[in-house]
Amino acid sequence: MSYTKRSCISGLFLLFLALACEANSGFIGVKDSHFELNGSPFLFNGFNSYWLMHVAADPTERYKVTEVLKDASTAGLSVCRTWAFSDGGDRALQISPGVYDERVFQGLDFVITEAKKYGVRLILSFVNQWNDFGGKAQYVWWARNAGAQISNDDEFYTHPILKKYLKNHIEKVVTRLNSITKVAYKDDPTIMAWELMNEPRDQADYSGKTINAWVQEMAGFVKSLDNKHLLEVGMEGFYGDSIPERKSVNPGYQVGTDFISNHLINEIDFATIHAYTDQWVSGQSDDAQLVWMEKWIRSHWEDARNILKKPLVLAEFGKSSRGQGSRDIFMSSVYRNVYNLAKEGGTMAGSLVWQLMAHGMENYDDGYCIVLGQNPSTTQIISDQAHVMTALAHSFN
């Protein structure tokens, strides 16, 4: 082969690599109630791995992060949801208000860098409803320690000091300069979206109005810092007072959110729901739980399509291996529901199973742990869904 031909082929190969890199480098956006990437519809199958930063804070354990992202990518999974918070306690990112452990931040830098390497987009959450990794209770404890008069944890949504603490954290994360890539988080398309809070709930106001005002304020603040990335609330999907008849879809109770009004806020780009039938409707048979699940997903899809006109993501779902029934049958049924609704224009955009772990993480197992490769049948179900969702997105072009 002549030098000229070799140079030509080499040049074409480099061009191909550059184009492939560019195709994977755009920011994910929203158009006409579906996701887009570089002008084409984007559908996905993905997963939760909340623990990535926590584990990556110890460089000797980072191989676990690499293992999960590599195996997920091999299976076709393209979106991962994880925590960008750890408030107080063991390996805290935020040790006290505004005081950060650089070692832990470098763990998150590593997570983002590895996700980019394996073509996995990230949804990063700013704070927790629950006490795990600090949560709103930690923020309240900090504020009380500083002399604030706070009667209960749900003042997290209204007290000026608590809102200021969270805004400071949001700004710290969004404007962070990655120590490995030297790219600011707000400029990195590896991040698909920001999440205001994992599963916000408010026992002081079940109508959803208090959380609505909080979402409006926090969403506006995030967008003032970063208008390149998508933003979502982090909601489970419970209906509130805006459409009273929809409350019958809830699993028998409200939690202070309003799926409709909270997601109609302009700065919120897409809607989310979570679903745990083995916890929420635990007294029902396996078949009844599947029927409930199908109704839960369809109801929210209808509202996302017809009222919100925004994409919908099933951002957490799973079935505990410690309970009754087959996890594989449950997941296959959920994936089938997601795919069938996604065929109707892409508003139902994808799902994120709870949760993937690396080998040797048994002490993290909450019953929902899945190690890809360790459970071949489950791995196949997850991978098959990834591939049919990707093929479906291509068929919309």
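Which residues does phenylalanine 47 touch, not counting residues up to four places away in sequence? What you're looking at is a predicted model, where local features need pLDDT of at least 70, side-chain atom pairs count only at pLDDT 80 or more, and totals for chains, interfaces and linings use all residues. Residues are numbered from 1 along each chain as its sequence is written, and side-chain values use heavy atoms, with hydrogens and water left out.

Back to phenylalanine 47: its contacts (heavy atoms within 4.5 Å) are Val68, Leu69, Ala72, Leu77, Val79, Cys80, Arg81, Val120, Leu352, Val353 and Leu356. One of these, valine 353, is also the bridge partner of phenylalanine 47 in β13.

Now for the sheet. Strands here are DSSP runs of E with at least two residues, helices are runs of H or I with at least four, and both are numbered from the N terminus. Two strands count as paired if DSSP finds at least two bridges between them. On that basis there's an open sheet of 8 strands, ordered β10-β9-β8-β5-β4-β13-β12-β11, with parallel pairing. β10 (230-232) and β11 (271-275) sit at the edges with a single partner strand each, so one side of each has no neighbour in the sheet. From one strand to the next, the twist averages 25°.

Start with β13 (residues 348-354). It's mostly covered, with 7 of its 7 residues buried; buried means under 20% relative accessible area, exposed means over 50%, and partly exposed is in between (1.4 Å probe, protein chains only). On one pairing, 5 bridges join β4 (residues 44-48) to β13. On another, 4 bridges link β12 (residues 312-317) to β13, and there phenylalanine 317 stands opposite valine 353.

Next, look at β9 (residues 191-195), which pairs with β8 (residues 121-125) in the parallel sense over 4 bridges. Leucine 124 stands opposite tryptophan 194 in β9. β9 is also joined to β10 by 3 bridges, again running parallel, and alanine 193 faces leucine 230 across that pairing. 5 of the 5 residues of β9 are buried, so the strand is largely enclosed by the rest of the structure.

Some of these names come back in the nonpolar core, a set of buried Ala, Val, Leu, Ile, Met, Phe, Trp, Tyr and Cys residues joined through side-chain atoms within 4.5 Å. The largest one has 130 residues, and those with the most contacts inside it are Phe35, Phe47, Trp51, Trp194 and Leu314. Helix α10 (residues 286-308) gives the most to this core, with 8 residues.

Axes are lines fitted to C-alpha atoms, for helices over the stretch in contact, and angles run from 0 to 180 degrees between N-to-C directions. Where they meet, the α10 residues include Leu290, Met293 and Trp301, and the α11 residues include Phe330, Val334 and Leu341.
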